[in-house]
Amino acid sequence: MGNETIQSTLTENRLFPPPAAFSRGASIDDGQRLEHLCSEASRDPASFWARHAQEEITWHKPFSSALDRSRAPHFAWFADGELNISFNCLDRHLARRGDKTAIIWHGDRGETRHLSYREIHGEVCRLANAMRARGIQPGDRVVIYLPMVPEAVIAMQACARIGAIHSVVFGGFSAEALRDRIEDAQARLLITADGGHRAGKIIELKRAADRALDHGCASIESVIVLARTGHGVPMKEGRDEWWHAVVAAMPAHCEPTWVGAEHPLFLLYTSGSTGKPKGIQHSTGGYLLGAIVTCKWVFDLTESDVFWCTADVGWVTGHSYVAYGPLALGATEVMYEGTPTYPHGGRFWELCERHGVTIFYTAPTAIRALMKLGDDIPTQFDLSKIRLLGTVGEPINPEAWMWYYIHVGKERCPIVDTWWQTETGSIMVSPVPGVTALKPGSCARPLPGIVAGIVDEAGNDIAAPDQGGYLVIKEPWPSMVRTIWGDDQRFKDTYFRRFGDSLYVTGDSARRDADGYYWIMGRVDDVLNVAGHRLGTMEIESALVAHARVAEAAVVGRPDELTGEAVVAFVVLKGQRPAGDERVALAKELRGWVTEQIGAIARPADIRFSDNLPKTRSGKIMRRLIRAIARGEEITQDTSTLENEAILDQLREKQ
Ligand code: WT7
């Protein structure tokens, strides 16, 4: 691990005890209750989780054993139990609260829809029947490429209902990214929309899907297209069908397919440090349990809450805290199609007021963007119903934390800074809001049943406070990743090789302070975190070199006030290094190219051209050197092995 990940620059001494008014009504309302859960978990983790699995999940067939370690690092939870997630999220509420609003949807253009549990159940059943009628079998993969509309959740739930494995691809990803994911998953069915509305523009989902399917994706047999924008898109005879047409004749009843607890619920592709994105495979029973207990412990979520998680369903946050957790608990949730600042900078707060949001969960990058617009914006809205705030995706800087606390929470709402990953399935380290005293910038302590640790290069525990090291998880937990789709070796190598079969490697570095609070320090590998989302540098580099004029590329991150990290690309061209206007034009072209290849989220903020990239004798790109240059830092590395010192000046040049 490089020095830069070990040194900690944050010293934060403020402490905010839980507001008494919050604690009084919370389900975990005092330290003793939390302590009790933690000690129950540490005495016998497997029976702790088994007790919760029995209490929280409706099983079709009960399980007889909680945890099977015999195939470590493949851990199986509740393996002989049978259930259906869609049954747990929908059917079990019908008798008591079928007409309760499950989803309040707010469109980009200001329109709203209220969908009850019964309505969602009916739509899920219709689509599930339609998929069955098209031959989709349990275990088949279905790729979902939709905007943030209720149908995205309905499609996910419909897959779960028939045991199909969904793989949601974020609507902001390009045709190429979609194609790669469809091909890796060998999906049979694609569910998409004519388009989506975002910040007043139309996102051309169907056209992107067509481009993906025109250049591969032979496994796709049919495409179901939701009419969202109605702006007219080509439909391919024999392959494409409109959603409303396929569900029209289908009954609103569909017998769920009961699956084993280990049956894969979904794949979700996430960036790794090298190579193509990894299809993170999650289970059914353990995953659902993780989503449910964290909704209770971290969000204190109850039936009477209006929960709003702003994440897109294309990310894991939108799986656990939009598509599954809140519905399993019978809550009401808000789903929003648009962006935080369109048509005005108070949009989030306007929606909180209008829909009576009680729990609000978003990303630090959004908070920083809204903070920039001024303190007077949130004061224009009635935020008095909000009782709890949350963040996820990257470390939150104390300034942004304080702004959120004061101007949104009015100093009455705890903030839960939740650390977790696509691979962990649910929140792992977080304050428990009725109990934990908060430190701005710290995600506090591991939740009950989560055995986290910080270890050195050799895998030994670092006990001393404030010493940075590798963040690891030492015991299996129910919602953990099961494998990487189609590449089990990579699963073992990525998560369980460095310190053996029993320590899950998170890829993050962290320190623990004298009070046992965790402070995440960033990734240890070459993975950037842009706006709360992981991007593999390799992926962006391979997109760049796929451009006809690019010979070589190296991508690093530099800190960015708004997005956490920004992408900086160092590019070596085939032929001459461009100058003047040509350089500006080419930089622009390459930015557009990366956007096309991967999506706008990966667009380089800076592109620098040089004749060469600095490499070690063994030919490895000197990333730390490049990173220092990208950040405008002084170079402390030994550069004597460089063939041509002059390239350092080239690399420093901004376009
Ligand atoms: C990586 C996981 C989990 C959903 C969103 C991202 C970083 C996440 C925090 C936090 C500091 C955080 C980590 C982690 N991260 N939450 N509260 N504080 N860092 O999911 O794309 O799988 O990324 O995001 O680096 O490893 P993901």
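Predicted model: local features only at pLDDT ≥ 70, side-chain atom pairs only at ≥ 80, totals over all residues.
User: Which residues touch the most other members of the largest nonpolar core?
Analyst: Among its 164 residues, these are Phe 78, Met 131, Ile 191, Trp 243, Phe 299 and Val 571. A nonpolar core here is a set of buried Ala, Val, Leu, Ile, Met, Phe, Trp, Tyr and Cys residues joined through side-chain atoms within 4.5 Å, where buried means under 20% relative accessible area with a 1.4 Å probe, protein chains only. A second, separate core has 31 residues, including Phe 348 and Trp 401.

User: What does Trp 243 touch?
Analyst: Its contacts (heavy atoms within 4.5 Å) include Leu 127, Glu 151, Ile 191 and Val 225, not counting residues up to four places away in sequence.

User: How do helices H14 and H15 cross?
Analyst: The axes of H14 (residues 364-372) and H15 (residues 398-408) come within 10 Å and cross at roughly 70°, which makes H14 roughly perpendicular to H15 (65 to 115 degrees).

User: Which residues meet there?
Analyst: Ile 367, Arg 368, Leu 370 and Met 371 of H14 meet Glu 399, Ala 400, Trp 403 and Tyr 404 of H15.

User: Switching to Thr 424: buried or exposed?
Analyst: Thr 424 counts as buried because its relative accessibility is 0%. Thr 424 lies in the loop between strands S20 (415-418) and S21 (452-455).

Definitions and conventions: Residues numbered from 1 in each chain as written. Heavy atoms only, no water. Helix = DSSP H or I, 4+ residues; strand = E, 2+ residues; numbered from the N terminus. Buried < 20%, exposed > 50% of the residue type's maximum accessible area, 1.4 Å probe, protein only. Axes fitted to C-alpha atoms, helices over the stretch in contact; angles between N-to-C directions. Parallel < 35°, antiparallel > 145°, perpendicular 65-115°, else oblique.
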